[in-house]
Amino acid sequence: MKIQIKNGRLIDPANGIDVQKDVFVAAGRIAAIGAAPAGFVANRVIDATGLVVCPGLIDLSARLREPGFEYKATLESEMAAAAAGGVTSLACPPDTDPPLDEPGLVEMLKHRARHPNFAHVYPVGALTLGLAGERLTEMAELHEAGCVAFGQAHVPVVDTQVLMRALQYAATFDFPVWLQARDPFLGKDGVAHDGEVATRLGLPGIPVSAETIALSTVLQLARDTGVRIHITRISSAAALEMIVAARASGIVVTCDVSINHLHLSDADIGYFDPHAHLVPPLRDRRDREALRRGLAEGAIDALCSDHTPVDDDAKQVPFGEAEPGATGLELLLPLTLKWAGEMQLSLNTALARVTCDAARVLGMPAGTLSAGAAADICLFDPRGSIRVTRESLKSQGKNTPFLGLELPGRVRCTLIEGHVAFENGR
Amino acid sequence: MRNPQLTKNGELQHLLTIDGLPREILAAILDTAAPFTEVAEREVKKLPLLRGKSVFNLFFENSTRTRTTFEIAAKRLSADVINLNISTSSTAKGETLLDTVDNLCAMQADMFVVRHASSGAPFLMAQHLAAMGLEHIHVINAGDGRHAHPTQGLLDMYTIRHYKQDFTGLVVAIVGDVLHSRVARSQIHALTTLGVPEVRVIGPKTLIPTDVGKLGVRVFHDMRAGLKDVDVVMMLRLQNERMQGALLPSPQEFFKYYGLTADKLACARPDVIVMHPGPMNRGVEIDSAVADGPHAVILPQVTFGIAVRMAVMSMLAGN
Amino acid sequence: MPLPDAERLCAALADSLRPGLHPDTALIGIHTGGVWVAERLHAALGLKTSLGSLDVSFYRDDFSRSGLHSQIKSSDIPFEVKDRPIVIVDDVLYTGRTIRAAMNEIFDYGRPARIDLAVLVDRGGRELPVCPRWSAQALQIEPGKNLQLERSKAGVLSLRLIDA
């Protein structure tokens with residue numbers, strides 16, 4: 001299959017390109033940019049007039065809910081959501097049921113995800129057995145089965161000796177470790193940021209120190225063990241400052257933030273909206289402003305959806321009892337564009353955080369339209385928009401605090417390895 | 001976002017929290033409560049306002065006292081009252097809060113009085129009723145988690161107005177476990193809305209919520225300093241389980257530093273009134289000599305509470 | 001249409017009541033105009049039983065339609081109702097619904113010996129079988145109008161016709 005994408009505005013942040021150029025795809029790869037290679041005869045021509053042509057998005061955290069939570073979502077439903085959102089690669093955290101702590105589970109997941117319409121799936125293996133924080137998983141075996149990194153989703157390792165040994169062991173093989181900074185005790189009954197909103201609503205609070213204390217532990221252990229560390233879902237200005245300072249002191253550390261924390265604060269809990277019950281909690285407006293600036297300046301490496309489909313039954317309960325999480329695969333691009341517009345950033349800078357920068361964190365040669373790269377491509381209408389409704393979401397999870405909002409950008413077409421996985425709403 | 005407890009016309013549809021209610025509505029509830037106090041002195045202590053209406057007392061958390069006051073209020077208004085004590089164990093068996101609500105709606109409920117351990121549960125009910133097109137069914141929050149206990153806050157305001165007439169020159173102190181107290185939160189919002197110029201909260205740092213100053217109160221950790229020249233002292237109940245989570249060392253030490261004794265009360269104005277939402281822990285947060293002393297208005301609070309709840313129920317039923 | 005003088009009607013009403021009174025008779029005025037009239041009658045008749053007053057808001061039959069209005073007054077019955085002759089006093093008698101509400105309320109204080117009704121003006125338009133024993137003046141008022149008793153700062157009573 002040879003495809004010519006013509007008349008589009010080509011944006012490739014990895015190469016700093018923003019020009020009107022055609023893209024030529026052959027054998028699942030980018031064959032050429034600009035002029036057709038010698039002898040290229042397109043089987044299909046896609047007219048991208050008025051559209052942006054960019055690398056397919058890379059989402060550093062999307063829960064597919066398999067195995068174990070098929071009543072919340074399935075691979076089929078969530079892969080349809082990914083394609084509709086222009087997402088062509090995604091990392092999935094290990095908090096499935098059972099957790100991704102055995103090579104067989106990972107192989108099964110990789111096998112199930114092998115479909116031309118499905119985004120590339122990069123499992124993050126469990127760092128400890130059952131995420132229980134006691135015994136190490138067979139990381140090398142899990143790596144061979146397809147895990148690209150190891151982590152704990154948002155379950156903290158309570159025993160710091162176990163944590164240090166897990167980091168040492170991962171560092172032996174140079175496996176990256178992805179951890180969320182979350183103290184196991186501070187705010188353990190908490191459901192919202194410990195501040196004015198939680199006080200007003202009578203919700204048990206989670207202080208910022210629950211993040212910074214755990215972050216401090218992880219950063220020191222990362223320095224001592226030399227492990228490649230990635231901090232997932234930072235939520236506060238204080239945590240960002242610590243990461244910037246750690247880098248200045250020579251620690252190699254990357255981090256990401258979710259679309260929810262980029263756009264919302266604890267005030268968006270409103271009248272106990274259970275969709276705003278998230279882990280980590282939405283913090284206050286100053287934290288959000290710091291995260292937005294940090295992502296713009298590159299202090300935060302990547303933006304992810306933290307896609308977490310939750311069934312209605314688990315959300316139709318009082319705020320504190322509601323299962324945390326929000327659906328997001330289909331909102332990643334629109335919320336990237338919204339942020340870019342509000343911060344007056346170039347599309348090159350903004351899209352980098354969900355393409356080449358995310359690929360760098362993932363350690364994969366993806367997120368670019370360089371000749372020879374995999375033809376994972378997203379075509380979107382930057383002047384279009386979507387209204388977020390239960391009906392419009394392809395994800396089985398209808399849970400998002402952005403429900404009812406109109407967001408900028410509309411994906412027209414998604415190509416995965418040169419295969420059209422999504423086109424004009426399907 | 002529209003305040004879910006008000007109708008499109010700004011009338012009270014549900015009573016979920018005092019936070020965000022306009023001063024006029026608070027004043028109207030207190031004004032309406034006044035004529036209801038007189039009903040208790042009649043031969044027939046009943047009014048026909050809620051005749052033929054079904055009021056469901058939905059208590060997911062046990063509280064005989066609060067349930068009883070709502071029951072009396074509803075019965076004095078001639079409503080049919082159905083009490084449901086739903087322990088958390090039966091909800092753990094599978095039926096959710098909203099399943100229960102749907103079931104009772106099918107039994108033609110007109111009003112729910114709900115007590116729940118989770119903050120926000122009555123909001124969930126009100127939002128659900130709106131989504132089901134059942135706006136004619138009213139919800140009264142009888143205490144949700146740490147969030148709100150609006151009728152308690154209102155009856156406290158009624159009591160203060162009864163003894164002090166005017167709110168605008170008062171200094172009021174709320175003492176004890178503010179962190180876990182839905183009563184304190186409702187009191188704070190009611191007092192600030194009604195124009196009390198100085199509201200203080202007094203307690204150890206473990207029991208004072210983060211950023212409570214942003215609700216418009218002054219924080220004191222020294223009780224004598226906090227009680228200086230106050231007109232009203234509102235004591236809070238201290239739950240015994242607070243000793244477990246390392247919030248306090250012992251009831252004895254709490255009593256020594258934050259228990260209300262005649263000695264500490266002497267720092268307040270000579271005509272100070274002392275209030276308590278009950279049930280009291282004598283010797284923990286309040287000394288018997290004060291609880292039974294001349295400044296205490298704790299029993300009148302209970303009496304006024306029925307009139308205030310009658311007023312709230314009547315106003316909701318009429319809107 | 002010229003309206004009659006309210007003060008003169010009060011005096012006439014007192015005169016017509018006087019022969020029918022029992023030593024224990026108590027007057028109960030209905031808020032707000034009925035209380036003003038009852039105060040006049042009470043003074044003119046020199047009754048020894050204190051004057052009572054009712055706000056019938058809690059007993060109105062249109063509660064479920066129009067709800068509670070604000071500024072409800074407390075009812076005040078400062079005497080034993082049981083076995084006592086009672087005269088309900090109101091300013092204007094119209095549909096009779098207020099009087100029904102007042103009788104219901106009075107019975108919640110006890111079982112009176114009898115209840116009579118005295119009004120300043122009977123404007124017709126009854127919707128219940130209610131008939132005043134004493135009425136100082138009968139007037140035909142069209143349905144779209146309200147006849148109201150007002151009291152000036154100096155305390156003088158007067159009638160006024162307004163659009164409903």
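In chain C, 5 strands form an open sheet with parallel pairing, in the order S2-S1-S3-S4-S5. The strands at the edges are S2 (52–54) and S5 (134–138) of chain C, each of which pairs on one side only. From one strand to the next, the twist averages 25°. Strands of a sheet pair through backbone hydrogen bonds, either parallel or antiparallel. Here, two strands pair if DSSP finds at least two bridges between them; helices (H or I, at least four residues) and strands (E, at least two) are DSSP runs, numbered from the N terminus.

This is a predicted model, in which local features need pLDDT of at least 70 and side-chain atom pairs count only at pLDDT 80 or more, while totals for chains, interfaces and linings use all residues. Residues are numbered from 1 along each chain as its sequence is written, and chains are lettered from A and ligands numbered from 1 in the order in which they are written.

Ala118(C) stands opposite Trp134(C) of S5(C). Helix H1 (residues 6–17) of chain C lies across S4 and S5 of chain C, at about 145° to S5(C). Axes are lines fitted to C-alpha atoms, for helices over the stretch in contact, and angles run from 0 to 180 degrees between N-to-C directions.

Chain C also touches chain B. Residues are in contact if their C-beta atoms, placed from the backbone, lie within 7 Å. This contact takes 17 residues from chain B and 15 residues from chain C. On the chain B side, the elements that give two or more residues are helix H1 (23–37) and helix H12 (298–318) of chain B. The largest share, 5 residues, comes from H1(B). This side of chain B divides into 8 nonpolar, 4 polar and 5 charged residues. Ala, Val, Leu, Ile, Met, Phe, Trp, Tyr, Cys and Pro count as nonpolar, Asp, Glu, Lys and Arg as charged, and the others, Gly among them, as polar.

Chain B itself has 12 helices and 9 strands. Its radius of gyration is 19 Å, close to the 20 Å that the globule rule gives for 319 residues, so chain B is as compact as a globular protein of that length. The radius is taken over C-alpha atoms, and the rule is 2.2 Å times the number of residues to the power 0.38. Of the 319 residues of chain B, 50% count as buried; that is, 20 or more other C-beta atoms lie within 10 Å of the residue's own, against 12 or fewer for exposed and a count in between for partly exposed, with C-beta atoms placed from the backbone.

Gln165(B) is exposed, with 9 other C-beta atoms within 10 Å. Gln165(B) sits in the loop between helix H6 (150–164) and strand S5 (171–175) of chain B, and its phi is near 65°, a positive value in a residue other than glycine.

Chain B meets chain A through 25 residues of chain B and 18 residues of chain A. On the chain A side, helix H5 (residues 196–201) gives the largest share, 4 residues.

Chain A has a cis peptide bond between Asp97(A) and Pro98(A), with omega about 0°. Pro98(A) lies in the loop between strand S9 (87–92) and helix H2 (103–112) of chain A. The peptide bond from Val279(A) to Pro280(A) is also cis, with omega near -10°.

Terms used. Contact = placed C-beta atoms within 7 Å.
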